[in-house]
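Here is a short report on one protein and its ligand. Look at the sequence and the 3D view, then read on.

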Amino acid sequence: MYYHSTQDKSKTVLSAQAIAQGISEDGGLFVPESFPRLTDDELRALLPLSYQERAKRIFSKYLTDFSEEEIADCVDSAYTVAKFGSEHPAPLAPVEFNGSKMNLLELWHGPTCAFKDMALQILPHFLTKSLAKVGGGRDAVILVATSGDTGKAALEGFKDVDHTRIIVFYPVDGVSAMQKHQMNTQEGENVYVCAIRGNFDDAQTAVKKIFTDPATRGILDENNMMFSSANSINWGRLLPQIVYYVSAYCDMVNAGNIAFGDKINVTVPTGNFGNILAGYYAYEMGLPVKRFICASNSNKVLTDFIRTGVYDKNRDFYTTVSPSMDILVSSNLERLLYALSGCDDKLTKSYMDALKTKGCYEVSDSIREKIQSMFYGGFADEDATKATIRDLFDQQGYLCDTHTAVAVSVCDAYIKETGDDTPVVIASTASPYKFSKAVLDAIDPGELPESEFDMVERIHELTGCEVPAPLANLKGKKARFGDVTDKEDMQGVVLRALGID
Ligand SMILES: *Cc1c(COP(=O)(O)O)cnc(C)c1O
């Protein structure tokens with residue numbers, strides 16, 4: 001299996017190179033040359049298997065330059081009971097909301113309590129093995145731009161991993177108090193965390209620029225280092241996310257919710273378009289999916305895009321209660337456009353160039369029609385998000401986080417609008433305790449306690465919902481980091497943190 005750049009098809013690498021490098025030199029993203037087929041027999045064979053065994057079968061189709069032992073080693077080190085609290089890292093929780101059955105795919109049982117752990121617990125294992133194959137003895141410098149959850153999950157995944165250094169940038173006013181506390185208290189000798197004055201898009205744009213800047217790459221090279229990425233631009237981030245859609249389908253069959261071969265709908269709260277794209281890739285492999293419901297918050301650039309074919313980031317940016325989706329440049333959409341254009345690298349590049357220079361582009365009629373046949377776009381504003389948290393709790397005693405609430409709200413609207421009663425899986429992406437302020441305000445509006453951990457305590461009293469140990473253990477922990485920088489200075493910060501300025 002080879003990988004191409006979305007902006008230059010002639011670029012061809014194996015998976016180890018794609019993972020080690022993170023992004024192609026031309027600025028494009030690595031994508032598999034074709035989607036390996038999961039035949040009916042192969043899918044059926046996954047039914048009785050554990051999550052871990054399902055993962056190994058799927059990885060082996062993509063990581064053809066890894067041995068079976070290497071893949072098994074990665075999987076068995078990542079998805080452990082110690083890290084995910086049970087044998088099954090991604091269980092389904094069935095609920096009924098406003099009269100419709102919905103299956104919440106709980107992806108937040110990992111060490112940082114967000115779905116990013118599903119990929120970032122295994123990426124360091126993929127990466128160290130990839131470096132051994134193609135790294136030429138260099139250390140990997142992981143640069144991360146985060147809207148809150150990727151940063152902590154990457155720090156936790158890479159802390160004290162040999163031959164890696166990790167530097168995380170987050171928007172100073174763009175993450176929840178718990179997210180900030182999680183990152184600033186991070187342990188590990190190879191980690192550095194810094195806030196930037198700006199939003200997530202500013203951080204992501206600057207990180208991409210530093211990555212592809214020849215001068216900076218040269219300095220790293222002289223120091224026996226190379227950049228890599230833990231953002232969902234890295235193929236090693238997306239691949240693990242394909243697994244849980246396939247696994248959820250198997251669990252739906254095993255639970256008797258659907259018959260084998262039946263189609264499902266998949267709803268995903270979306271920011272950078274990574275999670276939903278992984279679902280789409282599972283569909284391309286042969287998973288029976290009818291529709292992907294793309295749920296946004298008030299930053300609804302994707303809703304508008306799916307409805308009109310025009311992607312326009314020239315609009316107001318909102319800081320919302322679902323900060324991990326406060327994004328106007330959804331990086332992974334580039335991979336979808338590449339796939340839907342029939343792997344047209346020139347066309348994909350022209351859209352991305354227009355996005356860079358004008359902040360907007362309009363896709364061809366054929367791409368727009370393909371998108372609309374497979375994707376439904378909707379959004380939930382702040383009031384709808386909080387009302388959904390409250391209503392779901394009132395109706396089912398189930399407490400969800402703000403991002404998951406956006407998805408539940410949009411899914412509900414979709415069902416009402418279309419009458420589509422296809423069984424639905426909803427990606428539940430974080431523990432409600434990561435966003436305590438908004439969650440508490442939703443279920444018990446009025447005066448809120450001062451401190452983050454008092455809010456956690458209050459939610460616990462009101463709902464009986466268990467506080468995940470990794471969050472409970474942060475109480476009283478001293479911050480190690482607290483620097484804030486301008487986005488123009490991020491490159492200098494990187495070199496200083498590495499001790500090579
Ligand atoms: C990152 C994140 C999202 C958005 O996922 P994308 O892959 O960026 O679309 C949604 N919810 C939570 C809790 C997240 O951390």
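## The ligand and its surroundings

The ligand is surrounded by 15 residues, and the closest are Lys116, Asp149, Gly271, Asn272 and Thr429. A residue counts as near a molecule or strand if one of its heavy atoms lies within 4 Å of it. This is a predicted model, where local features need pLDDT of at least 70 and side-chain atom pairs count only at pLDDT 80 or more, while totals for chains, interfaces and linings use all residues. Residues are numbered from 1 along each chain as its sequence is written, and side-chain values use heavy atoms, with hydrogens and water left out.

A polar contact is a pair of N or O atoms within 3.5 Å.

| Residue | Polar atom | Distance to a ligand oxygen atom |
|---|---|---|
| Lysine 116 | side chain | 2.6 Å |
| Aspartate 149 | side chain | 2.5 Å |
| Glycine 274 | backbone | 3.3 Å |

How much of the ligand does the protein bury? Taken alone, the ligand exposes 380 Å², and the protein buries 98% of that. Such areas come from the Shrake-Rupley method with a 1.4 Å probe.

## Two open sheets

Strands of a sheet pair through backbone hydrogen bonds, either parallel or antiparallel. Here a strand is a DSSP run of E with at least two residues, numbered from the N terminus. Two strands pair if DSSP finds at least two bridges between them.

Strand E1 (residues 3-5) is joined to E3 by three bridges. Histidine 4 has valine 31 in E3 as its bridge partner.

Another open sheet has five strands in the order E9-E6-E7-E8-E16, with parallel pairing. Which strands are at its edges? They are strand E9 (225-229) and strand E16 (484-486), each pairing on one side only. Inside this sheet, six bridges join strand E7 (residues 164-171) to strand E8 (residues 191-197), and the two run parallel. Valine 168 has valine 193 in E8 as its bridge partner.

Note on methods
Helices (H or I, at least four residues) and strands (E, at least two) are DSSP runs, numbered from the N terminus. A polar contact is a pair of N or O atoms within 3.5 Å; within protein, one must be able to donate a hydrogen and the other to accept it, and residues adjacent in sequence count only if both atoms are side-chain atoms.
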